Each structure stands twice: as C-alpha cells, then as structure tokens.
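Please keep the sequence and the 3D view open while reading.

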Amino acid sequence: MQQQHISPNTSPKIDTVQNHAGSTNAPSTLAYDVIIIGAGASGLFCALTAGKRGRRVLVVDHANKAGKKILMSGGGRCNFTNYDIEPKHYLSSNPHFCKSALSRYLNWDFIGMVSQYQIPYHEREHGQLFCDTSANDILQMLLTECRANQVTIQLKTTIQQIQALPDNTGFVLTVNQQANQPAHQKSSEQTLTCHSLVVATGGLSIPTMGATGFGYQVAQQFGHTIVPTSAGLVPFTFTDKIGDAIKSLSGVSFEVIAFNERISFRLPVLFTHRGLSGPAMLQLSNYWHVGEPIFINLFPNLDMAVFLTEQKKQHPKQLIRTVLNDQIGAAALPKKVMITLQNLLWQDMAETELANIKDEKLAQLGEQLNAWRLTPSGTEGYRTAEVTRGGVATDKVSSKTMQSQLQPNLYFIGEVLDVTGWLGGYNFQWAWASGFVAGEVV
Ligand code: FDA
C-alpha cells in the first residue's frame, strides 16, 4: 500500500474545474458536492442516498473492488440485518449515540429495498437475515442504486492529502489513481474538491481486504480523539495445558452459556486448533479485555451442584463421568469433551465412586461445570476479527447527521466510529443507518 500523508487543515481557496477522470497524465481538478472515502457498506449506502437527492457524489477507494467485506460476509451469504435491532445490541463509549440513526433508518427499510430487488433471503436463528444465494446480490443492489443515481466510484485511488478550505466551505483532496494498465501508464495525480467529505473507511479488521487506520488519521487531523481500538467478534486463543486440551477437541461444537461480569450469551461454542470460537465466543469477545477470565456454563439447563449431590444419593456406586454421560440424556456433552474435562477438573476423583466423594467437593465441581473459568491468552486479532471495537470518539460527532462538530462538512459513518454491533447483522444495519442519515444531509 502506498504511504499516505495528511497535511494540516489550511490551504488557500482554489477554483475548481470540471474534468474527466484519467483522461490525461497531467494533474486534473474535479469538483463534487460529496466525496466519500471508502466504497464499503456505509460508503455505498451514503452515496446512493446522497445521489438520490441530486448531489454529485464521488466514492474513492484504494481497493481494486468495491464492497469486498460485503462479499465475504455471512460466509458469502451476507447477514444483512436482523429482525430485532435495538441500541442494546451496540457497544460504544456513548451507548446513546446509535439511537437516532437506527430509529431513522430501520431494518424494515433495508428489508424493503432487498424485497424490491427481489433478492431471495431467509431468517436464521435469533432474527438474522441472510441472502439465499449470495452476498453479491446485496453488493449489486447497492452498485445498481449508485449507478442509477449518477454516483461515480473510483477505485485503486490513494488519498495523499486532505485540506479544508480556510472558509470551511469544503475540502481539497490530492489523490493518486493507479493506472489500469501499469505497463502503459503511470498512476495519475488528481486534485478533487468537494463541499462535504465523508469518511467511511471502516475498521482495522482483515487488513488483506483493504482495512486501514486511515479514517482515524483523518479524524485526528481535524481534532477528533480515537477511542482505543481492538479486535471484536473474534475467536479467543489459549496457551499451555488449557490450549492443548482445547486443541484436542478441535471441531467439537455445542450450546453453552458464555459469560463474564458484563454479559452472557446462550449460543454454540466451537473448539478449534487455535482456541475457542463459535457465536458464543465471538459475541463475548466484544465484552472482553486482555487479562480477564471468561466463564462457560457447560450444562446450561442444570444446576450441576444440585445434580451431582442428588446423583450421589441415587447412584452411589457410579463415577462422575458415568452419571454425566448416562443421566443427563440429550444435554450430555460429547464423550471426548467429558474425558478432557475430567483430566482438567476432577482427575483426582475420576475413579472414585460418588458415595466416597464429599458433598462439598461435588458441589464445588458442579459450580465449576456451570462456570468453567478460562483466561484467554488473547484473541486471533484483526486478522480474523469481524469488527473493530473503538474508533472515532462520538462525543464530537452529531448523532443525527454524523457530522463532525469540530470541522464543518466533515462526516464519519460506519465502523470507523466508536460503535460496534453484536454478531447477527447489527454491524451492517449500523452501516446502512449511519450512511443514510449522513446521505440525507451532505
Ligand atoms: P467497510 O470495511 O465495509 O468499508 C471500508 C472501505 O474503506 C473498504 O472498501 C476499504 O477498502 C476502504 N478503505 C480503507 N482504508 C482506505 C484508504 N486509506 N483509502 C481509501 N479507501 C480505504 N456484519 C454484519 O452485519 N453481518 C455479517 O454477516 C458480517 N460478516 C462479516 C464477515 C467478515 C469476515 C468480516 C470481516 C466482517 C463482517 N461483518 C458483518 C462486519 C461488516 O462487514 C462491517 O461492519 C461493515 O462492512 C462496515 O462497513 P463500513 O462501510 O464501515 O466499512
């Protein structure tokens, strides 16, 4: 990736000239009402909304393709929204910030658009809506709307400099567009001007898909602060004995309650060769900080302290693993898991009949089975994270329009902001909603 420089926000006012992109190697100057940096979910949605209002919109992206994350989302089927969207499904230093935009562009609005385009979709558990065929249906819908509303999308474009005009009437951007045929033509420098500048560069997750911290740099250039970022909706990693035990169960999945002092989720956990994944762990990762323990209730339907002490009365001759296997029925854990847990949690009592184990010890083990305490060594990080926690602090951004309160005509939308959704279509709904409210005013 090319290096990007951002200069201080002062420059002389320049006259703008209409021109055609890429027609010559000489620097050209192009004027737009709105320039959106980032052709992802929020940027495209903002573009089509502003385009519908008759604004001349340019979307620039350094990637060679628009909407790459949309294409890879939801396992290629894009979980584009959820039937149940509420502010409680979002994390932010200001939990109220997301309310206004989410109430002005609803999941039903997006579902309406999907239906209008006759995109087949289905509901999965917890109200999640996925495409039947391909995430590409959603991307093509957005691109069609952009085209219909005369939005220009310019890819392979690196932003080198952003300057605000001294009278705050707009911005001047110096960009470099990589030539389509490098053998014949070098990259061309352009000067772009706009009245409104929208930063829609997303978060840091999946750098190979074009994620950069550029949006944070732009925010800082104009005086905004950044809430420290970290990987969210991401698998946990473990080291040592626990790490080895987890690896040995790679591929096993079952329903648990994963929790910490902030939140709990009743969802499947998935053991992998790197650690713990699956919806339960991804959701919990949004609420986890380095060094903290997490807890897993392995038997969400039973109070295991009560269960084990009762089993002692009814089946005094049996072993712990036998009652866990035989008496729990459908809720019993896979045998492989049981043996691993036995090695970790009750090896000293593994071959002792229940009658010979003290009630307190059984109760203690029961509590552990309902709240297995694990301390992750970390997470898989941005390499596999679905989202980035933190981002541009919302305290100096209007929750109604996404406009900066520090720099007129500057906007931040989507994941670049300190708004992080749960797993389940919430992050796209935030991208659509924040893109929409900005698109209505830029
Ligand atoms: P997004 O990342 O979509 O777009 C940012 C754009 O900015 C990119 O096109 C990038 O190339 C561009 N850009 C970055 N830096 C730039 C620079 N310096 N110059 C120019 N352009 C630059 N959510 C959900 O609700 N349902 C789901 O099913 C999934 N699934 C999913 C799977 C995977 C694997 C990931 C990684 C993520 C998801 N998500 C998801 C999350 C969702 O994809 C994400 O929250 C939105 O795409 C965020 O939209 P944005 O527009 O903010 O950023």
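Predicted model: local features only at pLDDT ≥ 70, side-chain atom pairs only at ≥ 80, totals over all residues.

A backbone N or O atom of Ala41 lies 3.3 Å from an oxygen atom of the ligand, a polar contact in the sense of a pair of N or O atoms within 3.5 Å (within protein, one must be able to donate a hydrogen and the other to accept it, and residues adjacent in sequence count only if both atoms are side-chain atoms).

Residues are numbered from 1 along each chain as its sequence is written, and side-chain values use heavy atoms, with hydrogens and water left out.

The shell around the ligand holds 31 residues, and the closest are Ser42, Asp61, Thr212, Glu415 and Phe428; a residue is near the ligand if one of its heavy atoms lies within 4 Å of it. Which elements give two or more residues to this shell? They are α1 (41-52), α2 (68-72) and α13 (426-439), and α13 gives the most, with four residues. By type, the shell divides into twelve nonpolar, 15 polar and four charged residues. Here Ala, Val, Leu, Ile, Met, Phe, Trp, Tyr, Cys and Pro count as nonpolar, Asp, Glu, Lys and Arg as charged, and the others, Gly among them, as polar.

The secondary structure of the whole protein comes to 13 helices and 21 strands. Helices (H or I, at least four residues) and strands (E, at least two) are DSSP runs, numbered from the N terminus. The C-alpha trace spans about 90 × 45 × 40 Å along its principal axes.

Two strands pair if DSSP finds at least two bridges between them. Inside this sheet, β13 (residues 253-259) and β14 (residues 264-271) pair over seven bridges, and Ile257 stands opposite Arg266 in β14.

Another open sheet has three strands, in the order β3-β6-β5, again with antiparallel pairing. Its edge strands are β3 (79-82) and β5 (121-124), each pairing on one side only. Strand β3 pairs with β6 (residues 128-131) over three bridges, and Thr81 stands opposite Leu129 in β6.

Of the 442 residues in the protein, 55% are buried. Buried means under 20% relative accessible area, exposed over 50%, and partly exposed in between (1.4 Å probe, protein chains only). Met402 lies between β19 (387-392) and β20 (410-412). Is Met402 buried or exposed? Met402 is buried, because its relative accessible area is 0%, and its phi is near 70°, a positive value in a residue other than glycine. Asn168, in the loop between β8 (157-164) and β9 (171-177), has a phi near 60° and is partly exposed, with a relative accessible area of 31%.
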